Amino acid sequence: MSVLSISNLHVDVAGKQVLKGFDLTMSSGEVHVIMGPNGSGKSTLAHALAGHPGYQVREGSVRIDGVELLDLSPTERARHGLFLALQHPMEVPGVRPLDMLAAAGASREDLMGRMREEARRVELRPEVLERFLNVDLSGGERKRAEMVQLSILRPKFAMLDEIDSGLDVDALGAVARRLREATEEWECGVLAITHFRRLLHELTPTMIHVVSAGRVVATGGPELAERLERDGYEPFRVESR
Amino acid sequence: MTTFTDSAQLHLDALASADARRGAWDAFATLGLPTTADEVWRYAPLGEFDLESFTLVSSRATPTLSPLAQALGERAGLVVRLVDGYLSSVEGDLAGVGVDSVESGWSGNYDSDAFSLLNCALAPATVVVRVAENVSVAAPIVIVHTVTSGAVFPQVRISLGRSSRASVVDYVDGGRDALVVPLSEYELAENSSLELSTYQRLDTSAWHFARSTAYLGRDARLRQSVISIGGHYNRSRNDAEFLAPGGENELRTTFLGSQDQVHDFRTRQFHHAGRTRSTLLSKGAVADHSRSVYTGLIEIDKGAKRTDARQTNHNLLLSPHAHADSVPNLEIRENDVMCAHASSVGPLDELQRWYLESRGVARDDAERLMIQGFFYEMLATLPGDLADVVERDLGEVLGQVRIVTP
C-alpha cells in the first residue's frame, strides 16, 4: 500500500504562477479525477510532478511513501513509481519502444512477448510496437501505446493528462478498462485529468477534485461529477489570489 | 625520402595504358591542388595537407581482414576484396554477376577535380562488378576495401544491365596515416534497381577524398546510403545524373564527427530528363571539436518537366565546440518542377529526452538512444543481416562519443 501526497504545491510556467497551493492525497488502487476549466492548472500539475523542464516548482512537497520527489531527477521520480501519460505523447524518432522500456528498467525477459500481450489488451496493432516511439501514430494509437508502457513499467501511481482528448469512444473504453484493471492487478493508483465525464463511465472514481485558479476548490465522490455536468464550473470559480 | 611525385612517375611508367593516364596526370599538374580560396574547398583543412608526404604503395600487401569486414563478408553471396585498390580476391558465386579488373582509362571526365584526376592517372585498375540483364541477384554483394598505408586510389564501377536488381555494400577500413582517394561510377541501365550502401570506417588519421557518380537510365532506381565514421578529413561527393525519364534516386548521407575530424559532404542531383525523382537526406552528428559541412546542389535542365527533387539536412551538435554548416543550392532551368529543401542544426531535443527520462530512462541512456535513433533511419538500404552488423558496430562507436549538452 503506497501513498502519494501533494501538499501546498506552487508552480510557475514562463514566469507566471499557475499552481498556488495545490493539495491532494491518494492511496494505491484508488482512482482520483481532477476536473476543472481550461487554464486552471490541471496539466501543469502533471508536468510539474514529472519534472518537465518548462515548469518551476516554487514551493511545496510531493511524496510517495515519504520520499520527496521534488528533490529527484525525472528519471528517479519515474523509478520511484510515478508515471505520466501525456495529452500528446511525444514522437521520439529512431527510438524503439522495446529499447526505451529496457533502458527504463523493464526486464528484457520476453519483453516483446509481454508488450504484444499488452497491445492486444488495449487493441493496439502489434506492428506499432516495431515503430519508433509515437512516430506516425494516430492520437488513439499513441494513448494505447502509452498504456502498453504503463503496463510493462507497472508504476505505483499513473497520472493521465487529458486522457480523453482526441480519443474516440472505442479507444477511450480500451484505455479506461486497462486502467481499471491496473488498479486491481498491481493496485496502481490512477490520477486522471479530464474535462469530460465520459471517462467516468468506464472508470469509477474514488474521488473527484475540482480545480480552479491553481488549487483544489472542491472534493467529493462521483456525485460531484453530476453536479459539474448540471451546473458547470461557474459555481466553483474562485478569484485568483 | 621518396616524394609522392617520384612514386607516381615510377607507377605511371609501369602501367600499360600510360598515355591516357598521363593525360589525366598532366591535367592534374596543370590544375594543381585546390586551396581553401576555392569555394568548393573552403571548409577543408588543406593547410595541413602535404601531398608529397604520401607515397604510392609499391608492394602488394596481404593484410588480414578486420572482424567487421569478416562479419560483412560472411553474410554476403559474393565478396569482392580490394587491398590498396588492387583486386585481391573474389569469393562466392552469384548467377548473373561478373567481376573483372580492367585497365583504367581516362575519358577527359573530372577535368576540374584534382583528386579524381589523380585517381584516373594512378588507379591500379578499374574493378568492375557487372550484373547481367534481367537478373535479380539473389544475395548481397560485398566489396571490402582494406587500406594499409601510403597513397591509395581505388576505382570501382558497378554496372547493372536492363531490368536487373542487386544489393551492394561497399566497405572500407584501415588507412592509418594514409591518403585514400576512391572514385566510383554506377551505371544503371533501363528499369534496373540498385540498393547500395557505403560504410567508411577508415582510421581517424586518414585523408579521404571520395567521389561517386550514378548514371540512371530510363525508369532506373537507385537507393544509396553513404555512412562515414573515419578520416581526419573526410570528403565525400556523391552525384546522381538522370539521363532518361522516369528514374528515381534516394540518397542518404550520414557521418559522425569526433575529436578534430572534418566531414565535408557534397551532393549533386542532376536532372537532365523529366519525370525523374530525387530525394536526398543528409544527417550527421558532430562531437568534441569536429566540424561538418553539407553542400547540396539540385540542378534541373530546361525541358526536364515534372521533376521532383528534394533535399533535407539535419545536423546534431553534441558539443558546444563542434560546428556544422549547411549550404543548399538550386539551379533550376525549367518551371514545371517540384523542388524543396530544408535544414536544421541543433543539440538533442530537450523535450524528447525528458519524455524518455519521465519513463525511467537515465539521462545518459536517453541521449545514447536518441543518437542511435538519429542514425538508424540512415541504414535503410542495408540488407537485413548486414544491417545488424553495421548497427551493432555503429552502436559501439556511438557509445564512445562524449556528449556535452549545452
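1. In this predicted model, A:Val175 touches A:Val122, A:Lys143, A:Arg144, A:Met147, A:Ile163 and A:Leu167, when residues up to four places away in sequence are left out. A:Val175 is also among the residues with the most contacts inside the largest nonpolar core, as are A:Ala192, B:Ile141 and B:Leu188. That core has 189 residues. In soluble globular proteins, nonpolar side chains tend to be buried together.

2. A:Val175 takes part in the contact of two helices of chain A, H5(A) and H6(A). On the H5(A) side the residues are A:Gly140, A:Lys143, A:Arg144, A:Met147, A:Leu150 and A:Ser151. Their partners in H6(A) are A:Ala171, A:Ala174, A:Val175, A:Arg178 and A:Ala182. By class, the residues of this contact of H5(A) with H6(A) comprise six nonpolar, two polar and three charged.

3. How do the axes of these two helices of chain A cross? Helix H5 of chain A spans residues 139-153 and helix H6 of chain A residues 169-185; their axes come within 10 Å and cross at roughly 10 degrees. Because angles under 35 degrees count as roughly parallel, H5(A) is roughly parallel to H6(A). The crossing in which H5(A) passes H6(A) is left-handed.

4. In chain B, the axes of H5(B) and H6(B) come within 9 Å, with a crossing angle of roughly 125 degrees. H5(B) is therefore oblique to H6(B). H5(B) passes H6(B) in a right-handed crossing.

5. The contact between these helices of chain B involves B:Gln352, B:Arg353, B:Leu356 and B:Glu357 in H5(B). From H6(B), B:Arg363, B:Ala366, B:Glu367, B:Leu369 and B:Met370 meet them. Four nonpolar, one polar and four charged residues make up the contact of H5(B) with H6(B).

6. Which helices of chain B each supply at least two residues of the side that touches chain A? At the interface, 21 residues of chain B are in contact with 23 residues of chain A. Helix H5 (350-357) and helix H6 (363-376) of chain B each supply at least two residues of the side of chain B that touches chain A. The largest share of that side, eight residues, is contributed by H6(B). The side of chain B that touches chain A divides by class into 10 nonpolar, five polar and six charged residues.

Key: Residues numbered from 1 in each chain as written. Chains lettered and ligands numbered in written order. Predicted model: local features only at pLDDT ≥ 70, side-chain atom pairs only at ≥ 80, totals over all residues. Contact = placed C-beta atoms within 7 Å. Helix = DSSP H or I, 4+ residues; strand = E, 2+ residues; numbered from the N terminus. Nonpolar A, V, L, I, M, F, W, Y, C, P; charged D, E, K, R; others polar. Axes fitted to C-alpha atoms, helices over the stretch in contact; angles between N-to-C directions. Parallel < 35°, antiparallel > 145°, perpendicular 65-115°, else oblique. Left-handed = near helix turned anticlockwise from the far one by under 90°. Core = buried A, V, L, I, M, F, W, Y, C linked by C-beta atoms within 7 Å. Buried ≥ 20, exposed ≤ 12 C-beta atoms within 10 Å, placed from the backbone.
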